[in-house]
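Here are a few quick notes to read alongside the model. Have it open while you go through them.

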Amino acid sequence: MIEETPGEAAVGSVFDPESPEATYVLEPELVAPLVARVASSQGAGTHRSTCPFTGAPLATIPVSSPSDVATAVERGRLAQRIWARTDLAVRSRVLDNLARIVLVRQSEALDLIQLETGKARRSAFEEVGDVAQVARHYAVRSRRYLATDRPAGMIPLVTGVRVQRRPVGVVGAIAPWNYPLTLVLSEALPALVAGNAVVVKPDPQTTLTALWAAEVLEEAGLPAGLFQVVAGGRETGEALVDVADHVAFTGSTAVGRKVAARAGERLVGATLELGGKNAIYIADDVDVDTALPGVVRACFASTGQLCLSAERIVVHEAVADEFVAKLVRDVRNLRLGAGLDYTADVGSLTSDAQLAKVTAHVDDAIARGAVVLAGGVHRSDIGPYFYAPTVLDDVPSDALVAREETFGPVVSVTRVRSDDEAVAVMNDSEYGLHMSVWSGDTARARKVADQIEAGSVSINDGYMLTWGSVGAPTGGWKASGLGRRHGRSSVEAMTQTRTVVTARGAGRGLGIDAVFALEGAAPSRILSAALEGMRRLRIP
Ligand code: NAD
């Protein structure tokens with residue numbers, strides 16, 4: 001194991017009493033109005049979140065009981081009836097306003113995200129930027145996504161078909177703690193613009209950020225009752241699944257299966273964005289120095305607690321020695337820190353449970369013969385849940401870190417001899433969320449991408465350009481999810497279609513009844529001739 005020198009790479013030590021940031025305490029006048037927004041009758045107890053930078057208490061949040069959740073959904077349903085009839089231009093304007101406000105008020109969001117998750121500020125900014133991007137996209141594109149479709153009817157010209165999109169009602173969004181602003185709003189914004197109300201259940205650790213989202217949506221002009229936050233853990237989530245008209249769940253595969261089963265019992269839709277064991281392939285024609293910054297970010301942004309994070313690097317043996325040496329150098333140079341500023345590259349893990357999982361995975365790999373090339377140590381000198389960015393080599397395929405999602409700053413390296421072998425290694429996983437391929441030859445990289453079993457593949461980028469291309473669907477194959485997020489997919493998931501078919505020629509003797517008024521086999525003969533004619537004319 002390689003020893004890190006404590007403090008050497010650290011910035012913004014949380015123990016510095018001279019720094020006003022070092023308290024990591026939220027002012028009561030900031031917390032109180034946020035907490036007042038929780039949809040709770042205050043009878044179900046409280047939850048106390050802690051600041052990952054210090055382990056000290058951050059906020060006490062009232063939990064929402066199942067009846068609070070039902071009341072919030074009823075309130076949403078009432079507000080939604082008016083909202084669904086509100087002009088689309090007005091609904092879109094709220095999103096357009098939000099896209100601006102979230103940038104103007106970004107410092108507040110960045111502080112909250114950092115204090116609740118422990119991530120570095122540059123990773124927190126990804127969330128702010130993402131919300132601005134998603135909000136603008138749906139503000140501009142919602143008219144197209146929600147437009148009435150007019151496919152060809154059964155009998156050309158005399159059958160008029162209109163497919164309308166109508167909101168499902170109240171969308172229940174259940175979110176994890178790792179991207180507390182992005183994952184709440186990337187479900188809520190397409191739902192809202194489509195005319196739904198949204199009730200959000202954030203993770204208990206990151207409720208304040210979700211409440212801040214409610215505050216800025218109100219400032220953007222969203223009427224009351226359309227975006228509500230219920231607080232609590234599993235029971236609150238289950239209560240929401242029991243009453244929502246559609247469930248948009250982001251979280252672990254294990255819980256996703258339970259949520260899907262519960263929603264299935266009620267025959268309401270559920271979109272599931274779940275875990276991954278994402279891999280990066282470095283081909284032998286790569287320019288290592290150009291690739292490295294993006295590769296390092298793909299592994300360690302948000303302390304590796306990102307659903308699209310790479311936890312496996314598959315490298316062609318021809319460049320492996322150079323690549324691995326430079327990777328280890330760059331990973332050791334990453335600056336860990338807890339500052340509410342841009343001095344750190346990598347922040348803290350979010351909780352004790354996360355630290356325990358990461359430590360268990362690394363220890364298991366070492367016990368099975370893996371070699372630690374960088375990191376592999378708990379950095380308690382910086383804060384209670386800090387863990388050094390870690391690179392492992394010689395990881396046996398049955399190690400936990402090779403198969404299960406670690407969800408931390410740990411990546412393992414595997415050497416391959418060809419693109420085909422790389423594809424086989426990358427696809428050897430129960431998950432299929434996101435992969436990336438790095439090559440000097442785009443055509444070659446696309447050929448590799450075409451064989452990958454995942455909902456998205458980035459070429460010469462880790463994840464950001466794929467996630468940020470919000471007009472395109474993202475989601476998981478295999479155990480990584482069901483349904484898709486972004487672009488048209490989100491709107492389609494959170495609306496239902498109503499097909500209205502008009503018999504245009506009925507009054508003029510041109511309808512289907514005129515054919516069936518004929519005797520004996522005549523209707524069959526006419527329809528057979530018509531069907532054969534339509535086939536020849538390739539009428540759809
Ligand atoms: P988790 O599944 O434990 O919790 C997610 C949310 O579900 C939390 O709000 C939690 O309170 C709630 N919940 C827990 N049990 C529930 C139940 N029985 N019914 C309803 N709600 C319930 O997930 P986590 O460990 O907090 O988050 C990390 C996981 O999320 C990782 O696996 C990560 O890959 C995944 N994730 C996926 C994406 C994606 O887009 N695919 C994005 C971010 C995170």
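**Notes on the ligand site**

1. Start at Leu-274: one of its backbone N or O atoms sits 2.8 Å from a nitrogen atom of the ligand. Bear in mind that this is a predicted model.

2. A polar backbone atom of Ala-175 is 2.7 Å from an oxygen atom of the ligand, and for Gly-251 the distance from a polar backbone atom to a ligand oxygen is 3.3 Å.

3. How much of the ligand does the protein bury? On its own the ligand exposes 850 Å², and 89% of that is buried by the protein.

4. As for where the ligand sits, the space it takes is the largest pocket. Elements giving two or more residues to the shell around it are α8 (234–241), β8 (246–250) and α9 (253–266). Of the shell, α8 supplies the largest share, with 3 residues.

5. Now the shell itself: 27 residues surround the ligand, and the closest are Ala-175, Trp-177, Ser-252, Leu-274 and Glu-405. By class, the shell holds 13 nonpolar, 7 polar and 7 charged residues.

6. On annotation, UniProt lists residues 43–500 as "domain: Aldehyde dehydrogenase", in an unreviewed entry. Over that stretch the chain is 44% helix and 20% strand, and the C-alpha atoms at its ends are 47 Å apart.

Methods:
Residues numbered from 1 in each chain as written. Predicted model: local features only at pLDDT ≥ 70, side-chain atom pairs only at ≥ 80, totals over all residues. Heavy atoms only, no water. UniProt positions renumbered as here; feature names shortened; annotations may be inferred. Helix = DSSP H or I, 4+ residues; strand = E, 2+ residues; numbered from the N terminus. Near = heavy atom within 4 Å. Polar contact = N/O pair within 3.5 Å; in protein donor to acceptor, adjacent residues only side chain to side chain. Areas by Shrake-Rupley, 256 points an atom, 1.4 Å probe, with all protein chains shown as cover. 1 Å grid on protein atoms, 1.4 Å probe; cavity = no way out; pocket = protein on both sides within 12 Å on 5 of 7 lines; lining within 4 Å. Sits in = over half its atoms within 2 Å of the grid points. Nonpolar A, V, L, I, M, F, W, Y, C, P; charged D, E, K, R; others polar.
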